[in-house]
Amino acid sequence: MKNTKRRTVLASAAALCATALALSGCTSASSTGSDDSSASLKTLTVMAPYLTTQAPAATNPVGTALDKVIGTKLKVTWVPNSSYGDKTNITLAGSDIPDVMVIQGKDSGFVNNAEAGAFWDLTDYLKDYPNLKTNEPDVQQASSINGKVYGIFRARDVMRTAVMVRKDWLKKLGLSMPKTTADLLKVAKAFTDDDPDGDGKKDTYGIAIPKWPGGFATNSPYDAIETWYGAGNDWITKGGKLEPSFTSPNWIKALDFEKQLVSGGYVNPDFATLDSVDWNQPFLTGKAGIIIDTYSRARQINGLLEKQDPDTYQNMVGVTGNLVGPSGKMHALPTAGYSGFLAIPKASVKTEAQLKSVLSVLNKMNSKKAQIIMNNGLEGKNFTVKDGKAVAVTSTTATDLTNIVASYAQLGTNVTGNKFYPPAQPNDYDQQQYDAEVKTMNSDAKHAVYNPAAAFVSQTYAQEGATLDNIITDARLKYIAGQSSLSDVKAAIQLWKSSGGDQVISETNDLYKKSTK
Amino acid sequence: MSVQKFDTVTQSLLVRETGGRGRAPRGKRKWLATFNRYKWFYLMLLPGVAYFVIFRYAPMGGAVIAFKNYVPFLGIFGSPWVGWAQFSHLFGSPDFVRLLSNTLILAALNLFICFPLTIVVALLLNELRLTVLKRSVQTLIYIPHFLAWTIVAALTYLLFAQGSGVLFNFFNGVFGTHVDFLTSPGWFRPLIVLQSIWKTTGWGTIIYLAALAGVDPNQYEAAVIDGAGRWSRMWHVTLPAIRGTIVVMLILSMGSILNTGFEQIYLMTNSLNRSVADVFDTYVYFAGISQGSYSYATAVGLFKAIVGVVLIGGANWISKRLGQDGIF
């Protein structure tokens, strides 16, 4: 009997110990890292996305070199790009907030926090720092929330929209690169019906489009076509007032064009479900001949094709910029000129003095030396300089380094222009291709249709933008897929308006009026 | 076995303890004495209670943000109160009816198809006389339970992909149709139900098979002597024997019935079928995590939880009315 009792005591003691351990484990985990804020600025904690397959290690040569240049140790929390938005919202609601956060867009989580005062308003500070005082004030304005700059924007090429087409298919069918949307239809049709790969089977189609992960007006292939059709870019000005682009008649015309592409079978049949990670696949495997996206994707595909077959890849990818719409005038779809920004939360950077020291670190991070490390890498290790261009070193260690650099580029702002070396292309063909792209890019930029409401964040849109956007993007896709009629699209627009869209329009116009005064 | 053993230990402990005390104490002293008598049991209970308090009950306090306009920077206490605004927003939103009906339809399909099917499969397995066959079938149908929904969804995409999917080509070839299962709103629910059946049925049979193993063989023998066939034996012996288990399982599943399975549905949703695919779970994720409207998402989640509680209570009440044991 006594024996049994003792056993019970032992058992419960063991259970208690286990619980205590589990609890203490929990608390110690949640308290780490919260207190090494920027008091002395020996270290700076940053949260940033990475787009490579693997995040850089905690200590890596690129980071070490960068730390030396800026005189501060950067502690970066790398988050996969695909879940970055979710992670941002979770981090903001948590207690462990880094000193600097890459914020990818003005979604409601960020806007609500910023307006409640969670981030430093940098509008009046940035001009004091030579490397942070931008020479593109328009872009900075577009990145602001109603004129208040809450972050240092990450500058991007204004014109990235590109159409890539299988050159060898064009040649075989006696066609030329498309210049207009009508050409696009013609080429897509020929790629589908006229057996461009010459195997006697009808197993190809024109354009490859993936399930688009973003909402409305997020530079999807649909958005590009709609802008080309003169439907504007997200918002249009009409009679001195702002209106959403999908209320314009040109938008419906563009939808009809898209529908024509889909119903003719000129688009991959799984365009509503194809994972965007697999977007290149149909092109690489010779199933589809056209992709509407960016120059970066064209270069990526070119590189992949070169790996597949270094002898023939030069005949494969033709790249052109924006296409001319039915009006005969070019309406080019630009990017916002930035991709998110670096914001500084007040929860971690508490005083103005601390803010200033954080800003001076960010200032150093945009110096020429730092830009080169974050965009080119380590000179002599993964690149060498020739004629003012960065020539890539080819070795496995160099490639590993370049991958790390690609992640660090996410921390770069380049608000005072690119001071790093432009990349030298590996051979003459690539160099020609690259130069031609830059030329088209620059001429397209003259016809760029900017979003007139870029800087305005309406309260309602911040709260419900994502659900509202879904109404429109779903209606668009259903119409294109032939699941619904034009009146359904119009009903969806009405639903958008009655679900809060009307408020979005009036709030945006109020902000617009205030800014033009 | 182990339960029995524990009982004897407890009894012997109790006998010894009460045996030493004599008459039963009263009032406060009684309470103290009781506590004192069972103190080791209370101590053993402590980790479990602590777990529930810390990880289950304390976080519920956070639900208060459903009545606030929660901004993380201001904190739970600093955010302004908004009363029922989040709820009236939900009930007034055009999404509400769609969400509720999508959720209830999927829940009903689960309840009326997946739930009985598990019992049917358990009964079928029970009728198998060849042990080797029974065991191997059992093991085979358990396997899908161990696959993540991501894999199930990926398999579905492979099988039904337009143009290249095996089942896509098979069905459309045989029937001469051109149905895209993955994007057609009409096929969304059948796909979801088929996935659920494939993944969960086998695993669900375990508890019924355990109950069936407990049926007294003498009853079957008696039934055979009385001239009962297989059907009558199943109807009059087997089913009544596991009725209690079925009822408890039913009540338990009522509680989670509105948990339509976030992952499964999220993975199968696309722009073309969203009208039937949006359920409370995906909406909460979308509003709360993607859109950052924490308060609104909490209000939606809270509403869902309340419906769940009502459903459990209702099922429990009905089962008691019908003369069965409830769970409380």
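# A guided tour of chains A and B

Start by selecting chain B, whose secondary structure comes to 16 helices and 0 strands (helices are DSSP runs of H or I of at least four residues, strands are runs of E of at least two, and both are numbered from the N terminus). Chain B has a radius of gyration of 26 Å, well over the 20 Å that the globule rule gives for 328 residues, so chain B is more spread out than a compact globule. Here the radius is taken over C-alpha atoms, and the rule is 2.2 Å times the number of residues to the power 0.38.

A quick note before moving on: this is a predicted model, in which local features need pLDDT of at least 70 and side-chain atom pairs count only at pLDDT 80 or more, while totals for chains, interfaces and linings use all residues. Residues are numbered from 1 along each chain as its sequence is written, and chains are lettered from A, with ligands numbered from 1, in the order in which they are written.

**Stay with chain B**

Of its 328 residues, 26% are buried (20 or more other C-beta atoms within 10 Å of a residue's own; exposed means 12 or fewer, partly exposed lies in between, and C-beta atoms are placed from the backbone). Two residues are in contact if their C-beta atoms, placed from the backbone, lie within 7 Å. Among contacts in chain B between residues at least 6 apart in sequence, 64% join residues at least 24 apart.

Now colour residues 2–73 and 85–321 separately, as these are domain 1 and domain 2 of chain B; the bounds come from an automatic or database domain assignment. Their C-alpha centres lie 35 Å apart. Where they meet, 6 residues of domain 1 of chain B are in contact with 6 residues of domain 2 of chain B. The domain 1 side of that contact divides into 4 nonpolar, 1 polar and 1 charged residues. In this count, Ala, Val, Leu, Ile, Met, Phe, Trp, Tyr, Cys and Pro are nonpolar, Asp, Glu, Lys and Arg are charged, and the others, Gly among them, are polar.

**Cross over to chain A**

Show both chains and look at where they touch: 41 residues from chain A and 34 residues from chain B take part. On the chain A side, the elements giving two or more residues are α1 (2–31), α3 (84–93), α4 (108–116), α16 (459–480) and α17 (486–516). That side of chain A has 16 nonpolar, 18 polar and 7 charged residues.

Next, show chain A by itself, with its 17 helices and 13 strands. The radius of gyration of chain A is 26 Å, close to the 24 Å that the globule rule gives for 517 residues, so chain A is as compact as a globular protein of that length. Its C-alpha trace spans about 90 × 70 × 60 Å along the principal axes, and 45% of its 517 residues count as buried.

For the domains of chain A, select 43–156 + 338–414 as domain 1 and 161–333 + 448–456 as domain 2. Their centres, taken over C-alpha atoms, are separated by 31 Å.

**Zoom in on a helix**

Pick residues 295–308 of chain A, which form helix α11, with 14 residues. From first C-alpha to last, α11(A) reaches 20 Å, close to the 20 Å expected at 1.5 Å a residue (that is, 1.5 Å times one less than the number of residues).

Which residues of α11(A) are buried? They are Y295(A), A298(A), R299(A), I301(A) and N302(A). These cover an arc of only 165 degrees around the axis, which puts them on the same side of α11(A); the arc is that of the directions from the helix axis to the C-beta atoms. They pack against β5 (161–166), α10 (280–284), β9 (288–294), β10 (317–320) and α15 (428–445) of chain A. Turn to the face away from the buried side to find the exposed residues S296(A), K307(A) and Q308(A).

**Last stops: three single residues**

Most residues other than glycine have a negative phi.

- N219(A), not a glycine, has a positive phi of about 55 degrees. Find N219(A) in the loop between β6 (205–207) and α8 (221–228) of chain A, where N219(A) is buried, with 20 other C-beta atoms within 10 Å.
- D387(A), also not a glycine, has a positive phi of about 55 degrees. Look in the loop between β12 (383–386) and β13 (389–392) of chain A; with 7 C-beta neighbours inside 10 Å, D387(A) counts as exposed.
- V76(A) sits in strand β2 (residues 73–80) of chain A and is buried, with 24 other C-beta atoms within 10 Å. Leaving aside neighbours within four places in sequence, V76(A) is in contact with V46(A) and A48(A).
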